Amino acid sequence: MSSYAIKLDNVGLRFNLNRERVDNIKEYFIKFLRHQLYYNVFWGLRNVSFTVQEGERLGVLGLNGAGKSTLLKVISGVMKPTEGTLEVHGELAPLIELGAGFDHNYSGGENIYLYGATLGYSRKQIQEIWKDIVEFSELQDFIDVPVKNYSSGMRARLGFAIACMVEPEILILDEVLSVGDAPFRAKSEAKITELFNKGVTVIFVSHNMEQVQKLCDKAILLEKGQVVANGDTESVCAEYVRRMKAGR
Amino acid sequence: MTKALRFHWNNFLKYRFLLKEIVRKNVRLQYRDSWLGMAWTMLQPLLFSLVLAFVFSVLFKRSDVGGVPFFVYLLSGRLMFSFFSDSTQRAMRSVRQNAGILKKVYVPKYIYPMGNIISTFITFLFSLVVLVVIVIYYDIHGGTVQGIHYDHFSFGLHKRVLFAVVPVVILLVLSMGVGLLLSSISVFFKDTEFIYSVLCQLLMYFTPIFYSAKEVQIGGGDIASWQTELLKKILRANPLYGIITIFRNSIFCSPGQIVTEFPGYYSFAQLAYTSGFAIVMLIVGSFVFYKVQDKFILHL
């Protein structure tokens, strides 16, 4: 029996798109009483099934609006699937839009604790890696400065350092490999490669086929919320190119 | 059922550090850039009560309520009420404020309203220090009420003062229930925020903070007019009234002081009503929050 890290079985996510936006109580009640609350049903994901084995690196390809980010949200637990089942085994850390969990009035050092806690780590775990995070982000001199005074590059570096240093078992990457200047980018790529070599399970979302081919050993292709290709990176990339050309 | 409970318990254990971090952050940041820092938690209610006491004593010649110096009476009610209104309003906004995180990372959503209630509770406990100091001061030095000098008021230095913990806990439970309910509604309807701030203002006047429910009277000399009785009923229906009354009775209790409307320092009916109300509110709030939390993400 092989152990899988993530397993999706027939996952579907339905959105009820309001035809008109109703966001105040008065309108809601009037429409509710008149039975005028109409929705357009839209499936963001439908019949999505795949398995990611432990230590496997899965690339998720697809054009804009294909459902890539929605899929990541379902896997990370932000959204609950409307139908189907999802199983995740292991600590999961998303590296999506770095720095969302920072409080701007808090200093960088304090934010390491806050952000780590948001990712579900304990005080002890964060204490152990606090120094490494500060060192990696190269913010030693600014660690007591409130984050509101950081540049956007400093903020991104800190966010990246936290998410990488906690060494999750499952890493979710949403096109974030371009953080900071060239030296830092090289350093962060090295860190990610190091994580890869340790056998972390990765889900990598990108438009960039070259990166996917370089990093992933399996891939899926999404189109309109459905999986249209699933297999080794080469064949899925080929299919992606074919569909892009056909679309034009 | 038990499986679901165990899942939520384990999840809570995993994220309890986040709860602590949010509480710590809110408490630390509240007064970070001010010179006096945490002293403001005590200074602010003190100054507020001094202003009100000054206004009332000059304009309305008010010096005491049932033998309790007006300033102390005011401060005790105001501290309790502002904890309730501050904590519920913060909890209400917390889910929307943290939309950026909730959209990106999985976090148990109740952590945010709960964290805000608890951090407000901690600053509230700090601010109680000022009340304790004043009560002890009056106990030792006495004071003058209605031209009569009392050597001491024997406010707090008796065993009954320990009973003050009970209304404080009831108030905390009530705030959690109301906070959870409001935070889940306000995700769907932003109007809630505006409506509730007005409601809070109304609630403040319907809570005996700077008056005593005993003296409420509508109309001229006819004390037992039906309007007066109705108004008193409405006042008593407000759980904050009961909570604040029990709180005051346990700290200001001597034979000469009759803030209380009944013999003894609390009535069982009032205690049962307020604690029952608070527990029901917590259950309703948690239930509603639990039911709708998965839809938050679609509206944030």
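1. A:Lys224 sits in the loop of chain A between strand S8 (218-223) and strand S9 (226-232); helices (H or I, at least four residues) and strands (E, at least two) are DSSP runs, numbered from the N terminus. The model is predicted, with local features needing pLDDT of at least 70, side-chain atom pairs counting only at pLDDT 80 or more, and totals for chains, interfaces and linings using all residues. Residues are numbered from 1 along each chain as its sequence is written, chains are lettered from A and ligands numbered from 1 in the order in which they are written, and side-chain values use heavy atoms, with hydrogens and water left out.

2. The phi of A:Lys224 is positive, about 50 degrees, although the residue is not a glycine. A:Lys224 is exposed, with a relative accessible area of 71% (buried means under 20% relative accessible area, exposed over 50%, partly exposed in between; 1.4 Å probe, protein chains only).

3. A:Asn10, in strand S1 (residues 4-18) of chain A, is a residue other than glycine with a positive phi, near 55 degrees. A:Asn10 counts as partly exposed, at 39% relative accessibility.

4. Strand S6 (residues 170-174) of chain A is largely enclosed by the rest of the structure, because five of its five residues are buried. A:Ile170, A:Ile172 and A:Asp174 point one way, while A:Leu171 and A:Leu173 point the other way. In a regular strand the side chains alternate between the two faces of the sheet.

5. S6(A) runs parallel to strand S5 (residues 92-95) of chain A, joined by four bridges; two strands pair if DSSP finds at least two bridges between them. A:Leu95 has A:Leu173 as its bridge partner in S6(A).

6. Five bridges link S6(A) to strand S7 (residues 201-205) of chain A, also in parallel. Here A:Ile170 stands opposite A:Thr201.
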